[in-house]
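Here are my notes on this model, point by point. Please read them with the structure open.

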Amino acid sequence: MLIASARGLLPRLDAAIFADTGWEPRAVYAHLDRLERVIAEPAGIPVRRVSSGNIRADALDASHRFASMPLFIRNPDGGDGMLRRQCTNEYKLKPIKRAVREMLGYPGRTYIPRGVYAEQWIGISTDEVGRARDSGLKFSRNVFPLLDLGWSRDDCREYLTAEGFGTTPKSACIGCPYHGNAQWRKLRDDSPEEWKDAVDFDASIRSGNARATANGVPLLGQAFLHRSRKPLDKAPIDHVTRNERAAERGDPDGCSPWSCRSGEAVE
């Protein structure tokens with residue numbers, strides 16, 4: 001959408017916002033740097049990088065309040081569970097909302113008059129039209145330019161390739177539990193340092209986040225990054241079932257702030 005705006009295919013943006021969880025792959029940060037340098041700056045479109053902290057560091061910091069990740073749980077009785085997802089709201093939605101308020105001129109909890117709002121573009125393609133919904137905020141109205149263009153995911157890929165951005169990486173935390181096996185394999189095979197980072201983190205959160213453990217309320221059961229509920233370096237990421245192939249085709253890895261690709265919309 002940023003490229004299309006810079007090229008005049010879409011209206012000119014006032015700004016683009018990147019919500020940084022602090023734990024994206026290096027390829028994502030390199031892509032963002034290039035996108036800002038090659039596309040945004042020449043078009044006069046500022047890119048705002050906003051953050052609520054480093055999600056990895058916060059999870060392991062006993063003194064820090066932590067918004068839970070959707071970790072897979074093996075309960076004491078052998079049953080399966082999953083922690084509630086709070087990370088998208090804390091590390092993506094909140095900093096974006098703060099930035100929008102600031103750009104409107106009403107920072108913090110300042111009252112925003114009726115009729116003052118920003119149009120916020122959300123990059124949902126025709127393949128995932130069911131996730132297109134309003135923000136629920138009076139000062140921010142979601143708009144879906146890719147739907148207006150009638151673009152599918154394949155159309156987006158073709159456009160990016162034509163503009164020299166055919167290798168655009170997927171944005172998601174290195175250790176996101178919603179990774180499919182294909183993404184875990186790619187991380188292991190192409191980015192060994194980041195794979196080790198994810199494996200180390202997985203081992204560190206077996207009893208849940210550090211603050212709860214320090215406060216004497218450790219997780220009942222064990223937490224894992226992989227849906228198999230096995231340590232990440234022992235998880236069956238090379239085994240791809242028919243269902244997994246279908247899921248990965250229909251729900252690719254990545255995390256959009258307003259519609260995290262987890263199979264469910266963000267409320």
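Predicted model: local features only at pLDDT ≥ 70, side-chain atom pairs only at ≥ 80, totals over all residues.

1. Tyrosine 106 counts as partly exposed, at 21% relative accessibility. Tyrosine 106 lies in the loop between helix 4 and strand 5. Setting aside residues up to four places away in sequence, tyrosine 106 touches Arg101, Tyr111, Ile112, Pro113 and Val116. Valine 116 is 10 residues from tyrosine 106 along the chain. Their C-alpha atoms are separated by 9.9 Å.

2. Now the chain as a whole. The secondary structure comes to 10 helices and 9 strands. The chain has 267 residues, and 45% of them count as buried. Take the contacts between residues at least 6 apart in sequence: 63% of these join residues at least 24 apart.

3. Which residues touch the most other members of the largest nonpolar core? They are Ile55, Met69 and Trp184, in a core of 26 residues. Helix 3 (55-59), helix 4 (87-104), helix 7 and helix 8 each supply at least two residues of this core. Helix 8 gives the most, with 4 residues. There is also a second, separate core of 23 residues. Ile3, Leu13, Tyr29 and Phe165 are among its members. As general background, nonpolar side chains tend to be buried together in soluble globular proteins.

4. Tryptophan 184 is then in contact with Ile174, Gly175, Cys176, His179, Trp195, Ala198, Leu225, His226, Leu232 and Ile237.

5. Next, the packing of helix 7 (residues 181-190) on helix 8 (residues 192-204). Their axes are 5 Å apart, at an angle of about 120 degrees. Helix 7 is therefore oblique to helix 8. On the helix 7 side, the contact is made by Trp184, Leu187, Arg188 and Asp190. Helix 8 contributes Pro192, Glu194, Trp195 and Ala198. By class, this contact has 5 nonpolar, no polar and 3 charged residues.

6. Is glutamate 194 buried or exposed? Glutamate 194 is buried, with a relative accessible area of 7%. This residue sits in helix 8.

7. Look at the backbone of arginine 229. Its phi is positive, about 60 degrees, although arginine 229 is not a glycine. For context, most residues other than glycine have a negative phi. Arginine 229 is in the loop between strand 7 (222-224) and helix 10 (242-250). Arginine 229 is also buried, with a relative accessible area of 14%.

8. How many bridges join strand 3 (residues 72-74) to strand 7? There are 3, and the two strands run antiparallel. In this pairing, arginine 74 stands opposite glutamine 222 of strand 7.

9. Isoleucine 124 lies in the loop between strand 5 (118-121) and strand 6 (140-143). Isoleucine 124 counts as buried, at 3% relative accessibility. Arginine 153 is 29 residues from isoleucine 124 in sequence. In space the two are 8.8 Å apart, C-alpha to C-alpha.

10. Last, leucine 149. This residue is found in helix 5 (residues 145-149). Leucine 149 counts as partly exposed, at 29% relative accessibility. Apart from neighbours within four places in sequence, leucine 149 is in contact with Leu9 and Leu10. Leucine 149 and leucine 9 are 140 residues apart along the chain. Their C-alpha atoms are separated by 9.5 Å.

Conventions. Residues numbered from 1 in each chain as written. Heavy atoms only, no water. Axes fitted to C-alpha atoms, helices over the stretch in contact; angles between N-to-C directions. Parallel < 35°, antiparallel > 145°, perpendicular 65-115°, else oblique. Contact = heavy atoms within 4.5 Å. Nonpolar A, V, L, I, M, F, W, Y, C, P; charged D, E, K, R; others polar. Buried < 20%, exposed > 50% of the residue type's maximum accessible area, 1.4 Å probe, protein only. Pairing = 2+ DSSP bridges. Core = buried A, V, L, I, M, F, W, Y, C linked by side-chain atoms within 4.5 Å.
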